[in-house]
Number of protein chains: 2
Amino acid sequence: MKSFILALCQNRPSYDIQQNLKRVFEMLNKAARKGAELIVLPEIFYYPYEIEKLRDQTDKDNQILNLLCEWAGTNKKYLCTGSFVEKRSDALYNTAYLIDPEGTIILKYSKSHLFDVELPNLKVQESAVFTKGDTIDVADCELGKIGILICYDIRFPEMARLLGRRGAEIILVPAAFNTVTGPAHWKITFRSRAVENQCFVAAVSPARNRRSSYRAYGHSLIIDPWGRALAEAGTGEEIVFARLDPKVLIDTRVKLPLLRHRRDDLYKLTDKP
Amino acid sequence: MKSFILALCQNRPSYDIQQNLKRVFEMLNKAARKGAELIVLPEIFYYPYEIEKLRDQTDKDNQILNLLCEWAGTNKKYLCTGSFVEKRSDALYNTAYLIDPEGTIILKYSKSHLFDVELPNLKVQESAVFTKGDTIDVADCELGKIGILICYDIRFPEMARLLGRRGAEIILVPAAFNTVTGPAHWKITFRSRAVENQCFVAAVSPARNRRSSYRAYGHSLIIDPWGRALAEAGTGEEIVFARLDPKVLIDTRVKLPLLRHRRDDLYKLTDKP
């Protein structure tokens with residue numbers, strides 16, 4: 001990987017998609033002006049994360065996705081779109097893309113674990129809307145080897161580990177934890193994935209919208225391979241920046257060679273069994 | 001599992017083994033008097049963790065182990081011995097035992113990952129002394145399903161996951177993190193293993209000994225399945241106690257069914273590949 005500035009746009013989606021897009025492009029332009037080479041948006045960045053309403057929020061004819069590709073190509077930036085409600089052969093997926101500075105999609109990832117839970121005052125059933133994705137991959141680009149996971153996926157150490165084993169140096173995680181699981185698990189889970197796989201991890205949440213029934217946790221976070229938080233947002237609209245320095249990654253892996261110390265003779269993790 | 005009181009004895013081993021054993025039995029007696037039903041000792045609880053000296057610290061004829069079995073049988077307690085330098089077919093292993101209230105060994109585990117690192121001011125090469133263990137198992141006893149890992153093992157999420165998949169409700173981890181990795185990774189790593197496997201996790205360190213070249217981190221820790229620290233020691237000699245309540249485990253697994261949401265169709269983790 002190379003040294004570069006990463007920016008996370010913690011935008012606050014309302015029910016007005018056109019207004020949200022206007023705001024997102026303002027934030028992207030600002031992040032670009034400040035020197036970010038890779039910018040990441042949150043899970044379902046263009047609409048409040050209210051699962052029962054997402055069925056109607058597909059990105060028809062990839063209109064929004066095409067705008068983002070155009071923005072990336074024009075501004076010569078890498079852009080991780082955060083996620084869309086994607087319609088594919090009559091099923092809906094929660095899908096994120098990584099776009100390169102030519103405006104070309106170089107990685108597509110659909111959320112593999114669906115959040116079906118009953119927490120105090122919060123019942124969510126993603127499987128009523130979404131179908132599970134079934135691919136895990138890493139893009140090898142000029143910035144480094146980049147993988148994408150989405151929100152709930154991060155709780156399953158197998159996922160980040162499979163990306164780590166494919167050489168991931170940076171894992172981008174559009175996400176929307178809530179105000180129950182966020183304070184309890186957000187920071188330790190993302191930090192632990194960075195520490196155990198010795199890579200950079202970026203967790204990108206929407207800002208909290210008090211008018212929505214779903215209260216996103218916020219606290220977008222950039223973690224280095226030693227587990228340090230390089231930047232952390234509050235709960236409002238905010239862009240957080242950090243320089244990702246490959247020396248930290250190399251130094252961590254030399255000092256504490258966790259990836260080499262795995263016991264391939266004792267356990268085996270494979271995908272598509 | 002049943003509801004019971006767990007105690008961790010964070011003793012401070014010196015170079016005088018007889019003196020150390022005297023202190024350990026005092027602490028065990030105290031923990032028993034206070035109602036603990038399971039008591040856990042740290043990694044190499046009877047000698048300072050100076051790797052180059054451990055070759056000479058095998059427990060000859062299981063003398064110390066037999067004393068601990070006798071203590072457990074007499075006091076009708078479960079006891080996890082922390083670990084010994086065990087000689088087995090001309091190799092040395094870092095081995096821990098779980099003893100039941102009859103004084104019988106019901107689980108034996110040898111450290112699977114050896115700590116070979118070069119940290120600032122701290123070079124450790126465990127593989128110069130120890131051979132890696134190669135078994136992973138869970139004891140199903142009156143208290144619940146109990147697994148053991150040792151120190152560095154906890155950094156490899158595959159290990160706790162394999163115990164979790166075997167039904168572990170409680171994972172006991174005799175350990176001796178140091179003052180570099182301890183502040184950086186001790187608490188988040190143990191908390192994350194508890195959260196992702198939705199089980200109780202106990203991390204048991206020796207107290208810090210300023211006369212030893214190896215400065216143990218201390219901070220013995222009991223975590224519940226939601227990731228809360230139920231008890232945490234400082235750096236000195238101390239016994240920490242917590243009641244482990246199966247309701248918390250069941251409630252966590254019902255609210256957030258992580259173990260059911262694993263994607264066995266997308267990835268597979270096996271041991272002894």
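# Briefing: sheet, aromatic pairs and chain symmetry

Strand E4 (residues 91-99) of chain A runs antiparallel to E5(A), and five bridges join the two. The model described here is predicted.

**Sheet of chain A**

- E4 and E5 belong to an open sheet of six strands in chain A, in the order E5-E4-E3-E2-E1-E14, with mixed pairing.
- Strand E5 (105-110) and strand E14 (238-244) of chain A are the edge strands, each pairing on one side only.
- From one strand to the next, the twist averages 25°.
- Helix H3 (residues 63-75) of chain A lies across E2, E3, E4 and E5 of chain A and runs at about 165° to E3(A).

**Aromatic pairs**

- Over all chains, the count comes to 24 aromatic pairs.
- One of them is the tilted pair of Tyr46(A) and Phe84(A), with 5.6 Å centre to centre and 35° between the planes.
- This pair links distant parts of the chain, 38 residues apart: Tyr46(A) is in the loop between strand E2 (38-40) and helix H2 (51-54) of chain A, whereas Phe84(A) is in strand E3 (residues 78-88) of chain A.
- Both Tyr46(A) and Phe84(A) are buried.
- Phe177(A) and Phe190(A) also form a tilted pair, at 5.9 Å centre to centre and with 50° between the planes.
- Here Phe177(A), in the loop between strand E10 (170-174) and helix H5 (181-197) of chain A, is linked to Phe190(A) in helix H5 of chain A, 13 residues apart.
- Phe177(A) counts as buried because its relative accessibility is 4%, and Phe190(A) counts as buried because its value is 0%.
- Ring pairs also link Tyr46(A) and Phe84(A) with Phe45(A) and Tyr97(A) into a cluster.

**Charged groups over rings**

- In chain A, Arg88(A) lies over the face of Tyr93(A), at 3.8 Å from the ring centre.
- In chain B, the charged end of Lys255(B) sits over the ring of Trp226(B), 5.1 Å from its centre.

**Relation between the chains**

- Chain B is superposed on chain A by a rotation of 180° with 0.0 Å of shift along its axis, with an RMSD of 0.0 Å.
- The two copies are therefore related as by a two-fold rotation axis.
- In chain B, the C-alpha nearest the axis belongs to Leu269(B) and is 2.2 Å from it.
- The same surface serves both copies, as 100% of the contact residues of chain B recur in chain A.

Terms used: Residues are numbered from 1 along each chain as its sequence is written. Chains are lettered from A and ligands numbered from 1 in the order in which they are written. This is a predicted model: local features need pLDDT of at least 70, side-chain atom pairs count only at pLDDT 80 or more; totals for chains, interfaces and linings use all residues. Side-chain values use heavy atoms; hydrogens and water are left out. Copies are superposed by least squares on the C-alpha atoms of residues with pLDDT of at least 70 in both. Contact means heavy atoms within 4.5 Å. Rings of Phe, Tyr and Trp (its six-membered ring) pair if their centres lie within 6.5 Å; planes under 30 degrees apart count as stacked, over 60 as edge-to-face and the rest as tilted. Helices (H or I, at least four residues) and strands (E, at least two) are DSSP runs, numbered from the N terminus. Buried means under 20% relative accessible area, exposed over 50%, partly exposed in between (1.4 Å probe, protein chains only). A charge sits over a ring if NZ of Lys or CZ of Arg is within 6 Å of the ring centre and within 35 degrees of the ring normal. Two strands pair if DSSP finds at least two bridges between them. Axes are lines fitted to C-alpha atoms, for helices over the stretch in contact, and angles run from 0 to 180 degrees between N-to-C directions.
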